[in-house]
Amino acid sequence: MRAKILAWLHENVPPKRIQHILGVEQMAIELAKHYQLDPDTAAQAGLMHDLAKYFKPQRLLELARTEGLSIDEVDIAAPHLLHADVSAIVARDEFGVTNPEILHAIADHTLGRPGMSLMSCIIFLADSLEAGRGDTPELQALRELSYRDLHQAVWHTCDYSLKYLLSSRCLIHPRAILTRNWAMTMS
């Protein structure tokens, strides 16, 4: 299955993004082992988390609507935020993935979701913190925290992302705020 996914990625995703995806896969495996979760599940979710990353905005919106996903004004203004949910659809339809833990982890990797599983937390963190994202002291501290307390790491990673989005004057999806607040209450 991994070879099939990699072949698909090489046809649909730029090489730089594939390096990121492999970094997410590796960090997800390491975190899963650390928390005594299934590393194969983590690897598969990590490998497929960005399947729809380079879909055109209209395609993301169409697939989300066809699937009956909730679409709000932020999704319409910034359809790329739907790529996580749509990547789960592609994993199911293109690769026959039926494991809900994998599908939820893929769908939750960008915005998170209140009540997300430990596996979803792992993919969320691996996506934000894999080595290719940089080596600043703040990122290093978040990586270390992810090995001590997943919920606290999600909370602080959300804060890190929100600071960036605010400074960049980007739209902030309400689900990102809900995820941050949920993770904070879980810590």
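These legends walk through several close-up views of a predicted model.

This being a predicted model, local features need pLDDT of at least 70, side-chain atom pairs count only at pLDDT 80 or more, and totals for chains, interfaces and linings use all residues. Residues are numbered from 1 along each chain as its sequence is written, and side-chain values use heavy atoms, with hydrogens and water left out.

**View A. Helix H10 packs against helix H11.** Helices here are DSSP runs of H or I with at least four residues, numbered from the N terminus. H10 covers residues 150–167 and H11 covers residues 174–186; their axes sit 8 Å apart at an angle of about 145°. Axes are lines fitted to C-alpha atoms over the stretch in contact, and angles run from 0 to 180 degrees between N-to-C directions. The crossing is left-handed, meaning that the near helix is turned anticlockwise from the far one by less than a right angle. On the H10 side, look for His-151, Val-154, Trp-155, Cys-158, Asp-159 and Leu-162. Their partners in H11 include Ala-176, Ile-177, Arg-180, Trp-182 and Met-186, where contact means heavy atoms within 4.5 Å. The residues of this contact split into ten nonpolar, two polar and two charged. For that tally, Ala, Val, Leu, Ile, Met, Phe, Trp, Tyr, Cys and Pro count as nonpolar, Asp, Glu, Lys and Arg as charged, and the others, Gly among them, as polar.

**View B. His-151 sits in helix H10.** With a relative accessible area of 15%, His-151 is buried; the label means under 20%, while exposed means over 50% and partly exposed is in between (1.4 Å probe, protein chains only). Leaving out residues up to four places away in sequence, His-151 touches Leu-118, Cys-121, Trp-182, Ala-183, Met-186 and Ser-187.

**View C. Trp-8 and Phe-95 form an aromatic pair.** A search of the whole structure turns up one such pair. The arrangement is edge-to-face, with 6.0 Å centre to centre and 80° between the planes. Rings of Phe, Tyr and Trp (its six-membered ring) pair if their centres lie within 6.5 Å; planes under 30 degrees apart count as stacked, over 60 as edge-to-face and the rest as tilted. Trp-8 belongs to helix H1 (residues 2–12) and Phe-95 to helix H6 (residues 83–95), so the pair ties together parts that are 87 residues apart in sequence. Both residues are buried.

**View D. Arg-59 lies over the face of Phe-55.** The distance to the ring centre is 3.7 Å. To count as a charge over a ring, NZ of Lys or CZ of Arg must be within 6 Å of the ring centre and within 35 degrees of the ring normal.

View E. Gln-36 has a phi near 60°, a positive value in a residue other than glycine. Most residues other than glycine have a negative phi. Gln-36 is exposed, at 74% relative accessible area, whereas Leu-37 counts as partly exposed at 23%. Leu-37 touches Ala-32, Leu-118, Met-119 and Ile-122, not counting residues up to four places away in sequence. The C-alpha atoms of Leu-37 and Ile-122 are separated by 9.9 Å, though the two are 85 residues apart along the chain.

**View F. Ser-146 is found in helix H9 (residues 137–146).** At 0% relative accessibility, Ser-146 counts as buried. Residues up to four places away in sequence aside, Ser-146 touches Met-27, Leu-31, Tyr-35, Leu-125, Leu-129 and Ala-153. His-34 is 112 residues away from Ser-146 in sequence and 10 Å away in space, C-alpha to C-alpha.

**View G. His-109 lies in the loop between helix H7 (100–107) and helix H8 (118–129).** His-109 is buried, with a relative accessible area of 1%. Setting aside neighbours within four places in sequence, the contacts of His-109 are His-49, Asp-50, His-83, Ala-84, Ile-123, Phe-124 and Asp-127.

**View H. Arg-169 lies in the loop between H10 and H11.** Arg-169 is not a glycine, yet its phi is positive, at about 60°. At 80% relative accessibility, Arg-169 counts as exposed. The C-alpha atoms of Arg-169 and His-109 are separated by 22 Å.

Key:
Helix = DSSP H or I, 4+ residues; strand = E, 2+ residues; numbered from the N terminus.
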